[in-house]
Amino acid sequence: MTPKREPGVLIAVEGLDGSGKSTQIHLLYEWLYGLRLRVHFTEWNSSSLVRDATRRGKRKQLLTPTTFSLIHATDFADRYERQILPMLRGGYIVLCDRYIFTSFARDAVRGCDPEWVRRMYGFARVPDFTLYFRLPLETALGRILEGRPRLKYFEAGMDLDLSPDITESFRIFQARVMQQYEGLASEFGFTVMDATRNVHDQQQEVRRIIGAGVDLSHYRTRVPR
Amino acid sequence: MTPRERRCFGSPPPGLDLARLTGALVVIEGPDSSGRSTHIGLLADWLEQEGYAVAQVGLKRSRLVGKELEAAKEGNALSPRTMSLFYATDFYDQLENTIVPAMRAGSVVLADRYIFTPMARDAVRGADADWLASLYSKAIVPDAVFYLQVSDRTLVDRTLASHGGLDYWESGMDLGLERDWFGSFIKYQRKVRAEFRKLQQRYGFEAINANGSIPGIQTEIKERVRRVLHALYPHHAIP
(Lines give C-alpha, C1' and ligand atoms only; values in the text may rest on other atoms or scores of the structure.)
Protein backbone atom coordinates (compact mmCIF):
# COMPACT_ATOMS: atom_id res chain seq x y z
CA MET A 1 0.00 0.00 0.00
CA THR A 2 1.14 3.50 -0.75
CA PRO A 3 2.08 5.22 2.49
CA LYS A 4 0.95 8.69 1.49
CA ARG A 5 -2.52 9.05 0.14
CA GLU A 6 -2.82 10.54 -3.32
CA PRO A 7 -4.87 13.73 -3.53
CA GLY A 8 -7.25 12.39 -6.20
CA VAL A 9 -10.62 10.75 -5.71
CA LEU A 10 -11.27 7.17 -6.77
CA ILE A 11 -14.79 6.21 -7.75
CA ALA A 12 -15.74 2.73 -8.95
CA VAL A 13 -18.97 1.20 -10.18
CA GLU A 14 -19.66 -2.49 -9.80
CA GLY A 15 -22.60 -4.75 -10.52
CA LEU A 16 -23.89 -7.48 -12.76
CA ASP A 17 -23.96 -7.23 -16.53
CA GLY A 18 -27.22 -5.44 -17.29
CA SER A 19 -27.25 -3.45 -14.05
CA GLY A 20 -26.82 -0.19 -15.94
CA LYS A 21 -23.60 0.76 -14.17
CA SER A 22 -21.76 1.75 -17.35
CA THR A 23 -24.54 4.18 -18.31
CA GLN A 24 -24.44 5.71 -14.85
CA ILE A 25 -20.69 6.22 -14.75
CA HIS A 26 -20.78 7.66 -18.25
CA LEU A 27 -23.40 10.21 -17.17
CA LEU A 28 -21.37 10.98 -14.06
CA TYR A 29 -18.34 11.58 -16.24
CA GLU A 30 -20.30 13.95 -18.48
CA TRP A 31 -21.48 15.93 -15.47
CA LEU A 32 -18.03 16.25 -13.89
CA TYR A 33 -16.44 17.09 -17.22
CA GLY A 34 -19.10 19.71 -17.84
CA LEU A 35 -18.25 21.26 -14.49
CA ARG A 36 -14.71 21.73 -15.86
CA LEU A 37 -13.19 19.33 -13.36
CA ARG A 38 -10.14 17.10 -13.66
CA VAL A 39 -11.77 13.79 -14.38
CA HIS A 40 -10.55 10.57 -15.98
CA PHE A 41 -12.47 7.48 -17.06
CA THR A 42 -11.06 3.94 -17.35
CA GLU A 43 -12.70 0.59 -17.90
CA TRP A 44 -11.99 -3.01 -17.03
CA ASN A 45 -9.94 -5.13 -19.39
CA SER A 46 -8.72 -2.39 -21.69
CA SER A 47 -4.95 -2.18 -21.40
CA SER A 48 -3.70 -2.31 -24.96
CA LEU A 49 -0.58 -4.33 -24.24
CA VAL A 50 -2.32 -7.16 -22.46
CA ARG A 51 -5.46 -7.14 -24.57
CA ASP A 52 -4.17 -9.32 -27.41
CA ALA A 53 -3.17 -12.11 -25.05
CA THR A 54 -6.47 -11.90 -23.18
CA ARG A 55 -8.42 -11.98 -26.39
CA ARG A 56 -6.59 -15.00 -27.76
CA GLY A 57 -6.83 -16.78 -24.43
CA LYS A 58 -10.57 -16.29 -24.46
CA ARG A 59 -11.16 -17.10 -28.11
CA LYS A 60 -9.11 -20.27 -27.99
CA GLN A 61 -10.36 -21.11 -24.51
CA LEU A 62 -6.84 -21.42 -23.16
CA LEU A 63 -7.65 -19.91 -19.78
CA THR A 64 -7.97 -21.76 -16.48
CA PRO A 65 -9.45 -20.08 -13.38
CA THR A 66 -5.91 -19.23 -12.26
CA THR A 67 -4.68 -17.76 -15.54
CA PHE A 68 -8.03 -16.02 -16.07
CA SER A 69 -7.48 -14.31 -12.74
CA LEU A 70 -3.83 -13.49 -13.46
CA ILE A 71 -4.33 -12.07 -16.92
CA HIS A 72 -7.00 -9.69 -15.63
CA ALA A 73 -4.72 -8.69 -12.77
CA THR A 74 -1.98 -8.00 -15.33
CA ASP A 75 -4.34 -5.82 -17.32
CA PHE A 76 -5.42 -4.02 -14.19
CA ALA A 77 -1.84 -3.47 -12.99
CA ASP A 78 -0.91 -1.94 -16.33
CA ARG A 79 -3.83 0.49 -16.21
CA TYR A 80 -3.34 1.13 -12.51
CA GLU A 81 0.29 2.14 -12.81
CA ARG A 82 0.01 3.87 -16.17
CA GLN A 83 -3.25 5.75 -15.65
CA ILE A 84 -5.10 5.37 -12.36
CA LEU A 85 -2.28 6.02 -9.92
CA PRO A 86 -0.67 8.92 -11.83
CA MET A 87 -4.11 10.49 -12.26
CA LEU A 88 -4.76 10.19 -8.54
CA ARG A 89 -1.33 11.67 -7.80
CA GLY A 90 -2.14 14.50 -10.16
CA GLY A 91 -5.33 15.25 -8.27
CA TYR A 92 -7.88 13.80 -10.68
CA ILE A 93 -11.25 12.28 -10.03
CA VAL A 94 -10.80 8.81 -11.51
CA LEU A 95 -13.88 6.89 -12.58
CA CYS A 96 -13.54 3.12 -12.99
CA ASP A 97 -16.13 1.01 -14.79
CA ARG A 98 -15.46 -2.15 -12.77
CA TYR A 99 -12.57 -2.38 -10.38
CA ILE A 100 -10.80 -5.12 -8.40
CA PHE A 101 -14.13 -6.33 -6.97
CA THR A 102 -15.08 -7.67 -10.39
CA SER A 103 -12.14 -10.06 -10.07
CA PHE A 104 -12.89 -10.81 -6.43
CA ALA A 105 -16.40 -11.87 -7.42
CA ARG A 106 -15.69 -13.75 -10.66
CA ASP A 107 -12.52 -15.47 -9.50
CA ALA A 108 -14.23 -16.69 -6.33
CA VAL A 109 -17.01 -18.18 -8.47
CA ARG A 110 -14.32 -19.91 -10.51
CA GLY A 111 -12.93 -21.48 -7.36
CA CYS A 112 -9.83 -19.33 -6.84
CA ASP A 113 -8.69 -18.89 -3.27
CA PRO A 114 -10.20 -15.49 -2.24
CA GLU A 115 -7.22 -14.68 -0.01
CA TRP A 116 -4.81 -15.28 -2.88
CA VAL A 117 -6.79 -12.95 -5.15
CA ARG A 118 -7.00 -10.23 -2.48
CA ARG A 119 -3.27 -10.36 -1.81
CA MET A 120 -2.53 -10.20 -5.53
CA TYR A 121 -4.50 -6.94 -5.76
CA GLY A 122 -3.04 -5.70 -2.48
CA PHE A 123 -1.27 -2.85 -4.30
CA ALA A 124 -4.55 -1.27 -5.42
CA ARG A 125 -6.10 1.53 -3.43
CA VAL A 126 -9.60 0.84 -2.13
CA PRO A 127 -11.97 3.33 -3.82
CA ASP A 128 -13.35 6.31 -1.96
CA PHE A 129 -16.75 5.42 -3.40
CA THR A 130 -17.79 2.04 -4.71
CA LEU A 131 -21.27 2.33 -6.14
CA TYR A 132 -22.83 -1.10 -6.36
CA PHE A 133 -25.80 -1.28 -8.70
CA ARG A 134 -28.06 -3.88 -7.18
CA LEU A 135 -31.08 -5.33 -8.92
CA PRO A 136 -32.98 -8.61 -8.85
CA LEU A 137 -31.20 -11.34 -10.75
CA GLU A 138 -34.14 -11.91 -13.09
CA THR A 139 -34.21 -8.23 -14.05
CA ALA A 140 -30.49 -8.25 -14.89
CA LEU A 141 -30.81 -11.47 -16.86
CA GLY A 142 -33.87 -10.13 -18.67
CA ARG A 143 -32.03 -6.98 -19.76
CA ILE A 144 -29.16 -9.00 -21.20
CA LEU A 145 -31.08 -11.92 -22.63
CA GLU A 146 -34.02 -10.12 -24.21
CA GLY A 147 -31.70 -8.72 -26.84
CA ARG A 148 -30.91 -12.34 -27.81
CA PRO A 149 -27.19 -11.69 -27.54
CA ARG A 150 -24.49 -14.07 -28.62
CA LEU A 151 -23.08 -14.82 -25.22
CA LYS A 152 -19.35 -15.39 -24.99
CA TYR A 153 -17.85 -18.55 -23.55
CA PHE A 154 -16.17 -17.11 -20.46
CA GLU A 155 -18.77 -14.39 -19.93
CA ALA A 156 -21.34 -17.17 -19.58
CA GLY A 157 -19.07 -19.18 -17.26
CA MET A 158 -19.02 -22.05 -19.74
CA ASP A 159 -15.57 -23.03 -18.43
CA LEU A 160 -17.23 -24.09 -15.18
CA ASP A 161 -19.37 -26.81 -16.75
CA LEU A 162 -22.49 -25.42 -15.11
CA SER A 163 -24.70 -26.39 -18.02
CA PRO A 164 -24.19 -27.42 -21.64
CA ASP A 165 -26.70 -24.72 -22.61
CA ILE A 166 -24.94 -21.37 -22.79
CA THR A 167 -27.96 -19.32 -21.71
CA GLU A 168 -28.57 -21.57 -18.74
CA SER A 169 -24.88 -21.46 -17.86
CA PHE A 170 -25.01 -17.65 -18.00
CA ARG A 171 -27.98 -17.63 -15.59
CA ILE A 172 -26.27 -19.87 -13.05
CA PHE A 173 -22.99 -18.00 -13.38
CA GLN A 174 -24.61 -14.58 -12.90
CA ALA A 175 -26.49 -15.86 -9.85
CA ARG A 176 -23.22 -16.93 -8.28
CA VAL A 177 -21.48 -13.67 -9.16
CA MET A 178 -24.35 -11.78 -7.56
CA GLN A 179 -23.98 -13.83 -4.39
CA GLN A 180 -20.32 -12.83 -4.28
CA TYR A 181 -21.15 -9.14 -4.82
CA GLU A 182 -23.57 -9.24 -1.92
CA GLY A 183 -20.83 -10.50 0.36
CA LEU A 184 -18.34 -7.93 -0.95
CA ALA A 185 -20.87 -5.13 -0.47
CA SER A 186 -20.76 -5.52 3.30
CA GLU A 187 -17.07 -6.48 3.47
CA PHE A 188 -15.96 -3.34 1.62
CA GLY A 189 -18.81 -0.99 2.49
CA PHE A 190 -20.20 -0.47 -1.00
CA THR A 191 -22.75 2.27 -1.53
CA VAL A 192 -25.74 0.27 -2.69
CA MET A 193 -27.74 1.80 -5.55
CA ASP A 194 -31.23 0.68 -6.47
CA ALA A 195 -30.69 -0.24 -10.11
CA THR A 196 -34.37 -0.92 -10.76
CA ARG A 197 -35.15 2.81 -10.80
CA ASN A 198 -35.12 4.78 -14.03
CA VAL A 199 -31.83 6.05 -15.39
CA HIS A 200 -32.50 9.69 -14.60
CA ASP A 201 -33.47 9.14 -10.97
CA GLN A 202 -30.46 6.94 -10.40
CA GLN A 203 -28.16 9.55 -11.90
CA GLN A 204 -29.62 12.26 -9.65
CA GLU A 205 -28.81 10.02 -6.72
CA VAL A 206 -25.28 9.32 -7.98
CA ARG A 207 -24.62 13.06 -8.42
CA ARG A 208 -26.05 13.81 -4.99
CA ILE A 209 -23.76 11.24 -3.36
CA ILE A 210 -20.61 12.43 -5.15
CA GLY A 211 -21.54 16.10 -4.76
CA ALA A 212 -22.02 15.62 -1.01
CA GLY A 213 -18.95 13.46 -0.47
CA VAL A 214 -16.37 15.33 -2.55
CA ASP A 215 -15.44 18.99 -2.41
CA LEU A 216 -15.64 19.42 -6.18
CA SER A 217 -14.11 22.91 -6.11
CA HIS A 218 -10.74 21.27 -5.41
CA TYR A 219 -10.76 19.49 -8.74
CA ARG A 220 -11.18 22.35 -11.24
CA THR A 221 -9.11 21.83 -14.32
CA ARG A 222 -6.02 24.00 -14.61
CA VAL A 223 -5.63 23.35 -18.29
CA PRO A 224 -7.83 25.37 -20.66
CA ARG A 225 -10.06 23.16 -22.81
CA MET B 1 8.82 -37.68 -2.02
CA THR B 2 5.99 -40.04 -2.91
CA PRO B 3 3.06 -38.80 -4.99
CA ARG B 4 0.97 -38.81 -1.84
CA GLU B 5 3.17 -36.17 -0.26
CA ARG B 6 3.06 -34.00 -3.36
CA ARG B 7 2.07 -30.46 -2.47
CA CYS B 8 2.04 -26.84 -3.54
CA PHE B 9 3.69 -24.06 -1.54
CA GLY B 10 0.23 -22.86 -0.52
CA SER B 11 -3.15 -24.30 -1.36
CA PRO B 12 -3.28 -25.77 -4.88
CA PRO B 13 -4.93 -23.94 -7.79
CA PRO B 14 -8.56 -24.89 -8.47
CA GLY B 15 -8.89 -28.15 -10.37
CA LEU B 16 -5.46 -29.56 -9.52
CA ASP B 17 -5.52 -33.06 -8.03
CA LEU B 18 -2.05 -33.48 -6.55
CA ALA B 19 -2.54 -37.16 -5.80
CA ARG B 20 -2.65 -37.91 -9.51
CA LEU B 21 0.81 -36.48 -10.19
CA THR B 22 3.10 -39.46 -10.46
CA GLY B 23 6.01 -37.78 -12.27
CA ALA B 24 8.89 -35.69 -11.00
CA LEU B 25 9.81 -32.03 -11.16
CA VAL B 26 13.45 -30.97 -11.34
CA VAL B 27 14.35 -27.29 -11.50
CA ILE B 28 17.56 -25.59 -12.53
CA GLU B 29 17.91 -21.94 -11.66
CA GLY B 30 20.71 -19.51 -12.28
CA PRO B 31 21.62 -16.47 -14.36
CA ASP B 32 22.13 -16.55 -18.12
CA SER B 33 25.51 -18.07 -18.98
CA SER B 34 25.56 -20.10 -15.77
CA GLY B 35 25.26 -23.25 -17.89
CA ARG B 36 21.58 -23.88 -17.20
CA SER B 37 20.48 -24.91 -20.68
CA THR B 38 23.57 -27.06 -21.19
CA HIS B 39 22.85 -28.97 -18.01
CA ILE B 40 19.15 -29.32 -18.82
CA GLY B 41 20.07 -30.73 -22.24
CA LEU B 42 22.55 -33.21 -20.76
CA LEU B 43 20.08 -34.28 -18.08
CA ALA B 44 17.34 -34.78 -20.67
CA ASP B 45 19.59 -36.97 -22.84
CA TRP B 46 20.69 -39.03 -19.88
CA LEU B 47 17.17 -39.51 -18.50
CA GLU B 48 15.79 -40.53 -21.87
CA GLN B 49 18.57 -43.05 -22.27
CA GLU B 50 17.53 -44.42 -18.90
CA GLY B 51 13.98 -44.77 -20.18
CA TYR B 52 12.30 -41.80 -18.53
CA ALA B 53 9.87 -39.64 -20.47
CA VAL B 54 11.11 -36.04 -20.20
CA ALA B 55 9.22 -32.77 -20.63
CA GLN B 56 10.88 -29.37 -20.64
CA VAL B 57 9.57 -25.98 -19.60
CA GLY B 58 11.13 -22.55 -19.24
CA LEU B 59 10.28 -18.89 -18.85
CA LYS B 60 8.27 -17.14 -21.58
CA ARG B 61 7.32 -20.38 -23.28
CA SER B 62 3.57 -20.36 -22.56
CA ARG B 63 1.09 -20.56 -25.37
CA LEU B 64 -1.05 -17.99 -23.61
CA VAL B 65 1.30 -15.03 -23.23
CA GLY B 66 4.79 -16.13 -24.30
CA LYS B 67 4.76 -14.03 -27.44
CA GLU B 68 3.29 -10.93 -25.80
CA LEU B 69 5.81 -11.19 -22.99
CA GLU B 70 8.66 -11.26 -25.46
CA ALA B 71 7.18 -8.22 -27.22
CA ALA B 72 6.71 -6.39 -23.93
CA LYS B 73 10.38 -6.95 -23.11
CA GLU B 74 11.39 -5.58 -26.50
CA GLY B 75 9.23 -2.51 -26.10
CA ASN B 76 10.24 -1.95 -22.48
CA ALA B 77 6.83 -0.37 -21.92
CA LEU B 78 5.36 -2.24 -18.96
CA SER B 79 5.82 -1.32 -15.33
CA PRO B 80 7.64 -3.77 -13.03
CA ARG B 81 4.38 -4.76 -11.34
CA THR B 82 2.72 -5.50 -14.67
CA MET B 83 5.76 -7.51 -15.73
CA SER B 84 5.57 -9.51 -12.48
CA LEU B 85 1.97 -10.45 -13.14
CA PHE B 86 2.63 -11.12 -16.80
CA TYR B 87 5.45 -13.52 -15.90
CA ALA B 88 3.23 -15.16 -13.30
CA THR B 89 0.54 -15.66 -15.95
CA ASP B 90 3.12 -17.25 -18.24
CA PHE B 91 4.29 -19.47 -15.38
CA TYR B 92 0.85 -20.71 -14.37
CA ASP B 93 -0.16 -21.35 -17.96
CA GLN B 94 2.82 -23.68 -18.27
CA LEU B 95 2.21 -25.16 -14.83
CA GLU B 96 -1.37 -26.11 -15.66
CA ASN B 97 -0.99 -26.94 -19.34
CA THR B 98 2.45 -28.51 -19.52
CA ILE B 99 3.90 -29.40 -16.12
CA VAL B 100 0.76 -30.93 -14.63
CA PRO B 101 -0.21 -33.06 -17.65
CA ALA B 102 3.38 -34.30 -17.96
CA MET B 103 3.58 -35.17 -14.27
CA ARG B 104 0.21 -36.87 -14.47
CA ALA B 105 1.64 -39.01 -17.26
CA GLY B 106 4.57 -39.92 -15.04
CA SER B 107 7.19 -37.86 -16.88
CA VAL B 108 10.19 -36.13 -15.42
CA VAL B 109 9.72 -32.39 -15.95
CA LEU B 110 12.92 -30.38 -16.32
CA ALA B 111 12.32 -26.71 -15.69
CA ASP B 112 14.85 -24.27 -17.11
CA ARG B 113 14.08 -21.78 -14.29
CA TYR B 114 10.91 -21.91 -12.23
CA ILE B 115 9.43 -19.38 -9.83
CA PHE B 116 12.69 -18.30 -8.21
CA THR B 117 14.23 -16.35 -11.08
CA PRO B 118 11.10 -14.21 -11.63
CA MET B 119 10.81 -13.72 -7.87
CA ALA B 120 14.43 -12.61 -7.51
CA ARG B 121 14.21 -10.26 -10.49
CA ASP B 122 10.96 -8.74 -9.22
CA ALA B 123 12.36 -8.34 -5.72
CA VAL B 124 15.32 -6.41 -7.15
CA ARG B 125 12.74 -4.15 -8.81
CA GLY B 126 11.02 -3.43 -5.52
CA ALA B 127 8.31 -6.09 -5.30
CA ASP B 128 7.40 -7.08 -1.76
CA ALA B 129 8.70 -10.54 -0.77
CA ASP B 130 5.40 -11.62 0.79
CA TRP B 131 3.41 -10.39 -2.20
CA LEU B 132 5.63 -12.49 -4.46
CA ALA B 133 5.44 -15.52 -2.18
CA SER B 134 1.66 -15.35 -2.27
CA LEU B 135 1.56 -14.81 -6.03
CA TYR B 136 3.58 -17.98 -6.64
CA SER B 137 2.09 -19.97 -3.75
CA LYS B 138 0.06 -22.16 -6.13
CA ALA B 139 3.24 -23.59 -7.64
CA ILE B 140 4.05 -27.26 -7.12
CA VAL B 141 6.97 -27.83 -4.75
CA PRO B 142 9.77 -29.29 -6.92
CA ASP B 143 11.55 -32.52 -6.05
CA ALA B 144 14.89 -30.82 -6.55
CA VAL B 145 16.09 -27.28 -7.19
CA PHE B 146 19.63 -26.66 -8.38
CA TYR B 147 20.74 -23.08 -8.20
CA LEU B 148 23.81 -22.61 -10.33
CA GLN B 149 25.98 -19.98 -8.75
CA VAL B 150 28.86 -18.41 -10.61
CA SER B 151 31.27 -15.62 -9.77
CA ASP B 152 31.01 -12.21 -11.43
CA ARG B 153 34.20 -12.90 -13.30
CA THR B 154 33.02 -16.22 -14.74
CA LEU B 155 29.63 -14.78 -15.62
CA VAL B 156 31.10 -11.80 -17.45
CA ASP B 157 33.67 -13.93 -19.26
CA ARG B 158 31.09 -16.45 -20.43
CA THR B 159 28.51 -13.85 -21.39
CA LEU B 160 30.93 -11.77 -23.43
CA ALA B 161 32.40 -14.85 -25.09
CA SER B 162 29.07 -16.33 -26.11
CA HIS B 163 26.99 -13.22 -26.89
CA GLY B 164 29.60 -10.68 -27.89
CA GLY B 165 27.91 -8.14 -25.64
CA LEU B 166 25.52 -7.71 -22.76
CA ASP B 167 21.73 -8.08 -22.62
CA TYR B 168 19.66 -5.06 -21.57
CA TRP B 169 17.58 -6.93 -18.96
CA GLU B 170 20.34 -9.20 -17.67
CA SER B 171 22.35 -6.02 -17.10
CA GLY B 172 19.44 -4.46 -15.20
CA MET B 173 19.60 -1.39 -17.45
CA ASP B 174 15.95 -0.60 -16.66
CA LEU B 175 17.00 0.11 -13.07
CA GLY B 176 19.33 2.99 -13.90
CA LEU B 177 22.09 1.63 -11.66
CA GLU B 178 24.84 2.91 -13.92
CA ARG B 179 25.10 4.33 -17.41
CA ASP B 180 27.86 1.89 -18.23
CA TRP B 181 26.44 -1.53 -19.15
CA PHE B 182 29.37 -3.48 -17.78
CA GLY B 183 29.20 -1.79 -14.40
CA SER B 184 25.44 -2.12 -14.34
CA PHE B 185 25.67 -5.82 -15.20
CA ILE B 186 27.96 -6.50 -12.24
CA LYS B 187 25.83 -4.49 -9.82
CA TYR B 188 22.61 -6.03 -11.08
CA GLN B 189 23.84 -9.62 -10.89
CA ARG B 190 24.98 -9.00 -7.31
CA LYS B 191 21.53 -7.75 -6.41
CA VAL B 192 19.87 -10.76 -8.00
CA ARG B 193 22.26 -13.04 -6.12
CA ALA B 194 21.39 -11.33 -2.84
CA GLU B 195 17.70 -11.92 -3.53
CA PHE B 196 18.42 -15.54 -4.41
CA ARG B 197 20.12 -15.97 -1.04
CA LYS B 198 16.96 -14.74 0.69
CA LEU B 199 14.88 -17.13 -1.40
CA GLN B 200 17.25 -19.98 -0.56
CA GLN B 201 16.60 -19.35 3.12
CA ARG B 202 12.87 -19.05 2.63
CA TYR B 203 12.48 -22.09 0.37
CA GLY B 204 15.49 -24.13 1.39
CA PHE B 205 17.18 -25.05 -1.86
CA GLU B 206 20.85 -25.68 -2.42
CA ALA B 207 23.34 -23.69 -4.44
CA ILE B 208 25.80 -25.44 -6.69
CA ASN B 209 29.17 -23.91 -7.41
CA ALA B 210 28.98 -23.66 -11.19
CA ASN B 211 32.34 -22.02 -11.83
CA GLY B 212 33.98 -25.30 -12.71
CA SER B 213 33.79 -27.52 -15.78
CA ILE B 214 30.48 -28.65 -17.24
CA PRO B 215 31.16 -32.42 -16.87
CA GLY B 216 32.12 -32.07 -13.21
CA ILE B 217 29.00 -30.10 -12.35
CA GLN B 218 26.81 -32.40 -14.44
CA THR B 219 28.08 -35.40 -12.48
CA GLU B 220 27.12 -33.68 -9.25
CA ILE B 221 23.65 -32.81 -10.54
CA LYS B 222 23.09 -36.32 -11.94
CA GLU B 223 24.04 -37.85 -8.62
CA ARG B 224 21.39 -35.80 -6.84
CA VAL B 225 18.75 -36.38 -9.50
CA ARG B 226 19.45 -40.10 -9.30
CA ARG B 227 18.69 -40.08 -5.56
CA VAL B 228 15.50 -38.09 -6.06
CA LEU B 229 14.25 -40.44 -8.79
CA HIS B 230 15.12 -43.54 -6.77
CA ALA B 231 12.68 -42.40 -4.12
CA LEU B 232 10.00 -41.43 -6.64
CA TYR B 233 10.25 -44.37 -9.01
CA PRO B 234 11.27 -47.28 -6.77
CA HIS B 235 10.78 -49.83 -9.55
CA HIS B 236 12.77 -47.92 -12.10
CA ALA B 237 16.29 -48.05 -10.72
CA ILE B 238 19.01 -46.17 -12.53
CA PRO B 239 22.16 -48.24 -12.33
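User: Where does B:Gly204 lie?

Analyst: B:Gly204 sits in the loop between H7 and strand S5 (206-209) of chain B. Helices (H or I, at least four residues) and strands (E, at least two) are DSSP runs, numbered from the N terminus. This is a predicted model: local features need pLDDT of at least 70, side-chain atom pairs count only at pLDDT 80 or more, and totals for chains, interfaces and linings use all residues. Residues are numbered from 1 along each chain as its sequence is written, while chains are lettered from A and ligands numbered from 1 in the order in which they are written.

User: Is B:Gly204 buried or exposed?

Analyst: Count C-beta atoms, placed from the backbone: a residue is buried if 20 or more others lie within 10 Å of its own, exposed if 12 or fewer, and partly exposed in between. B:Gly204 has 8 C-beta neighbours inside 10 Å, so it counts as exposed. B:Gly204 and B:Val145 are 59 residues apart in sequence, yet their C-alpha atoms are 9.2 Å apart in space.

User: What does the count say about A:Ser22?

Analyst: A:Ser22 has 16 other C-beta atoms within 10 Å, so it is partly exposed. A:Ser22 belongs to helix H1 (residues 21-34) of chain A. Its C-alpha atom is separated by 20 Å from that of A:Ala73, 51 residues apart along the chain.

User: How many residues of helix H4 (residues 116-124) of chain B are buried?

Analyst: Nine of the nine, so H4(B) is largely enclosed by the rest of the structure. Among them are B:Phe116, B:Met119 and B:Arg121. The cover includes strand S1 (24-29), H3, H5 and helix H7 (181-203) of chain B. After H4(B) comes B:Gly126, with a positive phi near 95°.

User: What does chain B look like overall?

Analyst: Start with its elements. Chain B has eight helices and five strands. From the N terminus they run β-α-β-α-α-β-α-α-β-α-α-β-α. Next, the radius of gyration, taken over C-alpha atoms, is set against the globule rule, 2.2 Å times the number of residues to the power 0.38. For chain B the radius is 18 Å, close to the 18 Å that the rule gives for 239 residues, so chain B is as compact as a globular protein of that length. The C-alpha trace spans about 55 × 40 × 30 Å along its principal axes. Of the 239 residues, 42% count as buried.

User: How do I read two packed helices?

Analyst: Two packed helices are described by the angle between their axes and the distance between the axes. Axes are lines fitted to C-alpha atoms, for helices over the stretch in contact, and angles run from 0 to 180 degrees between N-to-C directions. In chain A, helix H2 (residues 48-59) and helix H3 (residues 65-89) pack at about 165°, with axes 9 Å apart. That makes H2(A) roughly antiparallel to H3(A) (over 145 degrees; under 35 is roughly parallel, 65 to 115 roughly perpendicular, the rest oblique).

User: Which residues meet there?

Analyst: A:Leu49, A:Val50, A:Ala53, A:Thr54 and A:Gly57 in H2(A) meet A:Ile71, A:Thr74, A:Asp75 and A:Asp78 in H3(A).

User: How many residues of chain B are in contact with chain A?

Analyst: Two residues are in contact if their C-beta atoms, placed from the backbone, lie within 7 Å. By that test, 26 residues of chain B are in contact with 26 residues of chain A. On the side of chain B that touches chain A, H3(B) gives the most, with nine residues.
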